[in-house]
Amino acid sequence: MRQAGRYLPEYRKLREDTPNFLSFCYSPALTVEAALQPLRRFQPDAAILFSDILVIPDGLGQSVRFEGGVGPVLEPIRSETDLKQLQVSKVLDHLEPVFESVRQLSAALPHNVALIGFAGSPWTVAYYMVEGRSGQDGSTIKKWAIEEPDGFQKLIDILVPVTTDYLIEQIKNGAETIQLFDSWSGLLEAEHFDRWIIQPTREIVAGIKQHNPDVPVIGFPRGAGDQTIKYAENTGVDGIGIDSDISPAWARDNLQGLKTVQGNLDNQILREGGKKLEDETINILQTLSGGPFIFNLGHGILPETPPDNVIRVAEIVRGHHHAST
Ligand code: CP3
């Protein structure tokens, strides 16, 4: 959940020389260093590969760039004709530097630190491919998915096997756990959620498990609210990441009997720090530690977050763990 990133001065320094974010993502020496930086400060139990979910559209040949202050900007794909420009056969070759990053990071990590590989879910990657940038209300992608489902299905049918192969390759190179980020799943409800979120996720999880039955998969359906229950029941994931809109007590009562729950400290509270941060961290730990649970944030760490606040949280989490085992 942006364990690495701009809140760390050492990351900002490392980024300075490579203004192009995708070039940074394709430089194994830099990604390995970025992934190790938070480990040195906080000693978490797992490290996440440093990359981005948008390397998939980039690998498919869509124009993707990252602009300071704006975030990702893509040349949007909005029709079946546009889909013909995507080059499916070259994706894995293009992403070889990511696999090299996984290999090098895996070799660099201590044995007791798990390596998490990741990808965006088809719906969330499609959101960026169709809308072209963050912060859109999703009306363009929803219109396509709901009014012309057969055409939109073709985009999802490109993303499902590509994402599955990409994740299997990460596992072959050393990833021990997989996370699927569905940051825009909150845009859909009812049967649309089933078709565009649950079904493609289930196919990817099944594809991974066919070859790697023991590799856990954690899904993160951000903004899914009550629909998180059917996501946990029907996708085949082993773990369910929850955002900060879900109360820990609700997750305990509705999700923890189904899956390992991962979450969900509010990134604003983490940024603010102080007693509220300590109280909220303890509340999450006390509410969820009675069942299968991984402590995490509810969404990506904000660039203005003081690293000392993260140290404070790590101390509380480790103290609680020792007190309860
Ligand atoms: O340490 C880690 O967590 C691993 C690396 C990681 C990044 N992005 C690096 C990154 C991971 C796991 C992601 C996932 C990702 N990327 C998601 C899913 C999770 C979520 O946040 O919902 C999404 C939606 C993206 C797409 C993306 N990449 C956006 C919207 C942005 C702009 C964010 C911003 O605050 O400007 C990025 C850029 C990005 N990806 C940064 C990092 C460290 C900031 C880049 C920089 O300027 O150095």
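Threonine 235 counts as buried, at 1% relative accessibility. Buried means under 20% relative accessible area, exposed over 50%, and partly exposed in between, with a 1.4 Å probe and protein chains only. The model is predicted: local features need pLDDT of at least 70, side-chain atom pairs count only at pLDDT 80 or more, and totals for chains, interfaces and linings use all residues. Residues are numbered from 1 along each chain as its sequence is written, and side-chain values use heavy atoms, with hydrogens and water left out.

Threonine 235 sits in the loop between α12 (228–234) and β7 (239–241). Helices (H or I, at least four residues) and strands (E, at least two) are DSSP runs, numbered from the N terminus. The threonine 235 side chain makes a polar contact with the backbone oxygen of tyrosine 231, at 2.7 Å. A polar side-chain atom of threonine 235 also lies 3.4 Å from the backbone nitrogen of valine 237. A polar contact is a pair of N or O atoms within 3.5 Å; within protein, one must be able to donate a hydrogen and the other to accept it, and residues adjacent in sequence count only if both atoms are side-chain atoms. Beyond its neighbours within four places in sequence, threonine 235 is in contact (heavy atoms within 4.5 Å) with Ile198, Thr201, Arg202 and Val205.

## The ligand site

A polar backbone atom of arginine 2 is 2.4 Å from a ligand oxygen. A polar side-chain atom of serine 183 lies 2.5 Å from an oxygen atom of the ligand. A ligand nitrogen is 2.7 Å from an N or O atom in the side chain of aspartate 52. Taken alone, the ligand exposes 900 Å², and the protein buries 88% of that. Accessible areas come from the Shrake-Rupley method with a 1.4 Å probe; for residues, only the protein chains shown count as cover.

## Backbone exceptions

Most residues other than glycine have a negative phi, and most peptide bonds are trans. Glutamine 43 has a positive phi, near 45 degrees. Glutamine 43 lies in the loop between α3 (28–42) and β1 (46–48), and counts as partly exposed at 45% relative accessibility.

Alanine 190 also has a positive phi, about 50 degrees. Alanine 190 belongs to helix α11 (residues 190–211). At 40% relative accessibility, alanine 190 is partly exposed. A cis peptide bond joins glycine 263 and asparagine 264, with omega about -20 degrees. Asparagine 264 is in strand β8 (residues 260–265).

## The chain as a whole

The chain has 16 helices and nine strands. Of its 325 residues, 53% count as buried.

The C-alpha atoms fill a box of roughly 60 × 45 × 40 Å along the principal axes. Among contacts between residues at least 6 apart in sequence, 71% join residues at least 24 apart. The chain exposes about 14,200 Å², with carbon and sulfur atoms supplying 48% of it.
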